[in-house]
Amino acid sequence: MSGPGRTASALRTLLATSRPISWVNTAYPFGAAYLLAGGSWRDLAFWVGVVFFLVPYNLAMYGINDVFDHESDLQNPRKGGVEGALTDAAHHRMILWACLVSCVPFVAVLLWWGTVASGVALAVTMFAVVAYSLAGLRFKEVPFVDSVTSATHFVGPAVVGALFTGAQVPAAGWAVLAAFFAWSMASHAFGAVQDVQADRAGGIGSIGTVLGGRPTVWVSFGLYLAAAGLMVAAPLPYAWLAAVPALYAASVAPFLGITDARCEEAHAGWTRFLWLNYVAGFAVTMVLIAGAWG
């Protein structure tokens with residue numbers, strides 16, 4: 001393959017492994033929290049953070065995962081599409097270098113421009129990204145720690161944004177972040193249900209393999225309701241967002257009686273989750289606008 005052809009192939013691989021369908025799930029929380037903390041969309045720091053959490057961050061989060069999960073992904077029929085790239089082993093070194101090269105400049109700038117608190121939050125978030133999949137750490141295979149680490153991947157950018165300007169985060173703001181964390185843990189736990197049998201066969205631990213499919217769905221359901229309860233405590237109009245995790249709870253409710261033998265049926269609920277994220281994002285945006293016009 002010629003030089004331009006290799007470059008194009010590498011770019012396609014990096015794009016696929018970064019999972020573009022999920023980019024907004026990390027960039028949006030940072031941007032929204034930054035603005036709510038008193039920042040402006042005119043700030044250069046706002047755009048640096050949004051771009052970082054849009055592409056390089058997702059490349060690192062999913063690229064590292066795709067490299068170190070390669071062998072198990074080969075046995076997973078869900079891989080090779082929007083739910084995860086199935087990369088050629090020959091590209092793994094390139095992927096890891098791309099993760100490092102694309103992230104370091106952004107992280108350095110965000111550490112330099114931000115506060116001590118936002119820097120600590122960013123360091124914890126990046127550690128969670130690496131520790132989830134990297135050989136020798138593999139937090140994704142430590143039951144319960146897996147869900148906590150996954151939630152950090154998505155709530156971390158919001159915490160960085162909230163702390164970046166140095167403004168004090170009110171109690172209601174922390175309640176919203178706690179609700180987001182509960183929602184994220186619930187989503188990860190439910191996502192583990194569909195792989196219970198496959199993970200057990202492959203010797204991979206998870207919250208699903210330890211608890212079993214049905215109890216894990218109940219944990220997910222309870223965490224969604226907990227997130228809704230935390231949002232109710234927020235002031236209006238933000239309390240209206242309690243409807244969002246309640247919607248997710250309703251989405252997983254049909255699987256409360258699932259058995260381990262039927263765990264793969266939960267995949268239907270997981271695919272619904274992917275587009276529910278966009279519905280949730282629209283609802284959050286409308287409420288944020290209502291709050292801004294307050």
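**Entry 1: D66 and its partner**

I began with D66, which is buried at a relative accessible area of 1%. I keep in mind that this is a predicted model. Next I asked which residue forms a salt bridge with D66. I found R19, with the closest N and O atoms 3.4 Å apart. R19 is buried because its relative accessibility is 12%, and the cut-off for buried is under 20%.

I then looked up where the two residues sit. D66 lies in helix α4 (residues 56-68), while R19 is in the loop between α1 (3-17) and α2 (24-36). They are 47 residues apart in sequence, so the pair ties together separate parts.

**Entry 2: the other salt bridges I checked**

How many salt bridges does the structure hold? I noted four. Side chains of opposite charge can pair when their charged atoms come close.

One of them joins D260 and R200, whose closest N and O atoms are 2.7 Å apart. This pair links distant parts of the chain, 60 residues apart. D260 is in the loop between α13 (243-252) and α14 (267-293), and R200 is in helix α10 (residues 196-201). D260 is partly exposed at 24% relative accessibility. R200 is partly exposed at 39%.

I also checked R138, which forms a salt bridge with E141. Here the closest N and O atoms are 2.9 Å apart. R138 counts as buried at 15% relative accessibility. E141 is partly exposed, with a relative accessible area of 28%.

**Entry 3: S133**

R138 came up again when I turned to S133. Leaving out residues up to four places away in sequence, S133 touches I64, N65, F68 and R138. S133 is found in the loop between α7 (116-131) and α8 (145-164). Is S133 buried or exposed? I read a relative accessible area of 0%, so S133 is buried.

**Entry 4: aromatic rings**

I searched the whole structure for aromatic pairs and got 18. I picked out W270 and F273, which are stacked. Their centres are 4.6 Å apart, with 15° between the planes. The two residues are three apart in helix α14, so about one helical turn separates them. Both W270 and F273 are buried.

Last, I asked which residues form one aromatic cluster. I listed F30, Y34, F46, W47, F52, F53, Y57, F106 and F164.

Methods. Residues numbered from 1 in each chain as written. Predicted model: local features only at pLDDT ≥ 70, side-chain atom pairs only at ≥ 80, totals over all residues. Heavy atoms only, no water. Helix = DSSP H or I, 4+ residues; strand = E, 2+ residues; numbered from the N terminus. Buried < 20%, exposed > 50% of the residue type's maximum accessible area, 1.4 Å probe, protein only. Contact = heavy atoms within 4.5 Å. Salt bridge = Lys/Arg side-chain N within 4 Å of Asp/Glu carboxyl O. Phe/Tyr/Trp six-rings, centres within 6.5 Å; stacked < 30°, edge-to-face > 60°.
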